Amino acid sequence: MKSNPWTAARIWTLIGYAAASAALFAAPLYLSDFRLNLLAKFLAFAIVALGLDLIWGYTGILSLGHGVFFGLGGYAMAMYLKLEASGGRMPDFMEWSGLTALPAFWKPFESLGFAFAAGILIPGLLALFLGYVTFRNRIRGVYFTILTQALVIIATTLLIGQQAYTGGTNGVTGYSKIAGYSISNPDTKQMLYWITAAFLIVAFIVCRFLVASRFGKVLRAIRDGENRVRFIGYNPALYQMTAFAISGALAGLAGMLFILHVGIISPSMLGIVPSIEMVLWVAIGGRGTMIGAVLGAVLMNWGKSEISAQYPDAWLFVMGALFVVVVVFLPNGVAGLFSRLTSIKRRVTGHDQEAVRNPAV
Amino acid sequence: MTVYITQLFNGLSVSSILLLIALGLAITFGLMNVINMAHGELIMIGAYATYVTQNIFKSALPDSMFSTYFILAIPVSFAVAFVVGLLLETTLIRHLYGRPLDSLLATWGVGLALQQLARSIFGAPNVGVTSPTWLDGGLTVMEGVVLPYKRLFIIGLVAVCLVAMYLYIYRSHAGRNMRAVMQNRDMAACLGISTRRVDATTFAIGSGIAGIAGCALTLMGPIGPSLGTYYIVDAFMVVVLGGVGKLVGTLFGAFGIGMTNTLFEYWTTASLGKVLVFICIVAFLQWRPKGFIAMRTRSLD
């Protein structure tokens with residue numbers, strides 16, 4: 001028997017989402033330009049958080065390498081913007097490093113379409129490849145996590161080391177135009193904000209659709225008991241690879257949108273600390289719920305910009321404490337706290353539906 | 001020829017430091033399935049313990065005694081890191097058994113806080129530790145090949161630690177308990193071993209060794225609050241490559257990574273060398289997904 005999809009709770013949730021989207025799109029009306037720029041940055045981060053939640057919250061694979069995927073997207077867009085700004089000449093940092101001609105792999109990035117496709121496909125394919133060489137051999141859990149962290153290290157050393165091609169430690173900066181519009185113009189900025197918000201909403205809907213589908217059910221099954229899934233006849237590696245690739249592609253998309261608002265990409269933005277900070281957003285917001293990941297990313301970054309503006313030294317203490325508190329006391333984040341409150345309410349009213357804990361035992 | 005000998009010696013030196021760092025990690029990971037990301041900060045604590053010992057010697061004792069400080073600094077840094085490790089285990093890690101990924105995140109948070117703490121106490125810039133005078137100079141093996149005494153001392157120190165660990169794990173009562181818990185926790189508990197105490201001691205010993213590693217690192221250059229982060233990921237790669245459960249696996253992992261890293265960096269550039277090592281590790285894992293030494297077990301998951 002098919003259950004009625006239009007229950008009251010569901011309708012209220014949809015209304016809530018619609019209101020939130022409307023508030024997002026109306027943000028230029030009530031936020032200053034500076035705040036709007038910050039919010040746009042946070043919305044780009046929220047897209048990474050969605051991807052991370054898909055792979056961590058739903059599939060149970062912790063990646064500390066999303067900074068790399070984020071950075072690859074960012075660099076793809078930065079290459080386009082840099083070429084656009086240089087107006088047919090070579091980017092300045094290449095001249096300083098003594099290159100005489102534009103490297104061949106930079107050429108196609110003169111087109112915005114190519115850069116955009118590359119910013120999604122390159123991180124996605126890299127994630128797919130990494131997933132292929134690990135999940136197929138059942139390298140998982142902590143082993144996989146450490147490998148992703150090593151990926152971050154080699155990506156940053158490579159970017160810094162190949163200064164002539166990547167701009168080294170300084171990264172790629174100094175953009176002026178995107179598709180003919182001046183990037184510092186407030187109107188363009190507003191447009192870019194709307195584009196970011198639209199991408200976030202689309203990514204959110206796609207992720208919600210994915211986790212609600214049969215595919216998403218298998219992902220959760222893998223998280224809770226990978227071997228059981230294998231014994232039923234699924235190939236977990238295939239699902240893990242797909243989820244990881246989608247997650248990497250989302251991070252790439254976020255990286256592209258991010259640098260449009262920030263105006264610079266450098267290796268320090270995809271290092272170990274930024275990568276693990278991304279995980280913290282998801283952990284705080286609540287792994288295993290998409291809205292938790294989005295809220296976690298936005299609120300954490302808002303908190304970070306407030307705290308580090310007033311007490312620059314305190315932020316690392318706060319972040320360290322948050323890691324400990326969330327992991328020990330709030331394994332399911334803030335969103336988990338809410339659902340625990342509702343389940344207590346339900347228990348009080350006699351509708352106890354406690355889920356099976358630790359099904360593998 | 002002389003260049004190769006120097007490079008091999010450098011590789012040996014890097015490997016021995018990696019080995020010292022990875023030893024503690026491999027044991028805690030194998031025993032408790034806990035990933036201690038704050039291990040790097042325990043190294044940092046050991047290094048600062050050496051720094052403080054040096055300062056005390058400098059201000060309180062006559063100059064002629066100064067060079068002996070290093071002998072005292074080794075047990076001091078072990079003890080300080082041991083106590084911090086014990087504290088960490090009893091307050092935090094105890095609650096995270098069976099959740100390796102969560103333990104990774106929580107200890108990372110602890111590591112961040114410890115780094116910031118060191119920054120507030122000792123200041124953000126790196127501080128130098130004056131090496132004892134008896135470690136200056138080097139051993140001339142042949143024309144053009146000078147092996148610095150400092151690096152030789154570190155290799156010797158690592159060898160001593162390794163032998164001590166071997167004796168502890170395989171020849172002592174406490175070590176036997178530890179291996180029993182590692183192999184079958186429930187059965188060991190049934191036989192009357194206090195698994196809690198074994199966990200705590202092992203974790204503290206692993207931390208103490210990290211402290212010694214920090215002490216050794218002061219010989220290599222200035223130290224700073226983020227000293228540990230340079231080494232921690234490589235040390236974890238050693239664990240991944242070597243597998244857990246046996247000392248020989250860690251030995252293999254450390255020398256594999258240390259040697260290939262040095263050689264590749266010599267043949268290509270520092271950045272390309274790291275990439276090649278990573279590719280080699282991934283390729284090796286295609287062949288042996290569980291690392292060089294895999295614990296044979298009949299349990300699933």
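Predicted model: local features only at pLDDT ≥ 70, side-chain atom pairs only at ≥ 80, totals over all residues.

Biologist: Are H4(A) and H7(A) roughly parallel or roughly antiparallel?

Modeller: The axes of H4(A) and H7(A) come within 10 Å and cross at roughly 30°. Angles under 35 degrees count as roughly parallel. H4(A) and H7(A) are therefore roughly parallel.

Biologist: How many nonpolar, polar and charged residues does the contact of H4(A) with H7(A) have?

Modeller: Take A:Val68, A:Phe69 and A:Tyr75 on H4(A), then A:Leu151, A:Val152, A:Ala155 and A:Leu159 on H7(A). Sorted by class, the contact has seven nonpolar, no polar and no charged residues.

Biologist: Now the second largest pocket: which elements give two or more residues to its lining?

Modeller: This pocket holds about 790 Å³ of space. Of the 29 residues that line it, the closest to its centre are A:Leu72, A:Ile122, A:Leu126, A:Ala155 and A:Leu158. The elements asked for are helix H4 (66–86), helix H6 (112–135), helix H7 (141–161) and helix H8 (163–166) of chain A, together with helix H11 (270–287) of chain B.

Biologist: How do the residues of that pocket's lining divide by class?

Modeller: A:Ala155, one of the residues closest to the pocket's centre, also takes part in the contact of H4(A) with H7(A). For the lining of the second largest pocket, the division is 26 nonpolar, three polar and no charged.

Biologist: Turning to the cavities, which element supplies the largest share of the lining of the largest cavity?

Modeller: The structure holds two cavities of 30 Å³ or more, and the largest has a volume of about 130 Å³. H7 of chain A, together with helix H9 (227–242), helix H10 (247–267) and H11 of chain B, each supply at least two lining residues. The lining includes B:Lys274, B:Val277, B:Phe278 and B:Ile281. The largest share, four residues, comes from H11(B).

Biologist: And which residues lie nearest the centre of the second largest cavity?

Modeller: The second largest cavity has a volume of about 90 Å³. Helix H1 (2–32), helix H5 (149–171), helix H6 (173–183) and H10 of chain B each supply at least two residues of its lining. Of the 13 lining residues, those nearest the centre are B:Ile27, B:Met182, B:Gly245, B:Lys246 and B:Leu247.

Definitions and conventions
Residues numbered from 1 in each chain as written. Chains lettered and ligands numbered in written order. Heavy atoms only, no water. 1 Å grid on protein atoms, 1.4 Å probe; cavity = no way out; pocket = protein on both sides within 12 Å on 5 of 7 lines; lining within 4 Å. Points joined across faces, edges and corners; volume = space filled by probe spheres on them. Nonpolar A, V, L, I, M, F, W, Y, C, P; charged D, E, K, R; others polar. Axes fitted to C-alpha atoms, helices over the stretch in contact; angles between N-to-C directions. Parallel < 35°, antiparallel > 145°, perpendicular 65-115°, else oblique. Contact = heavy atoms within 4.5 Å.
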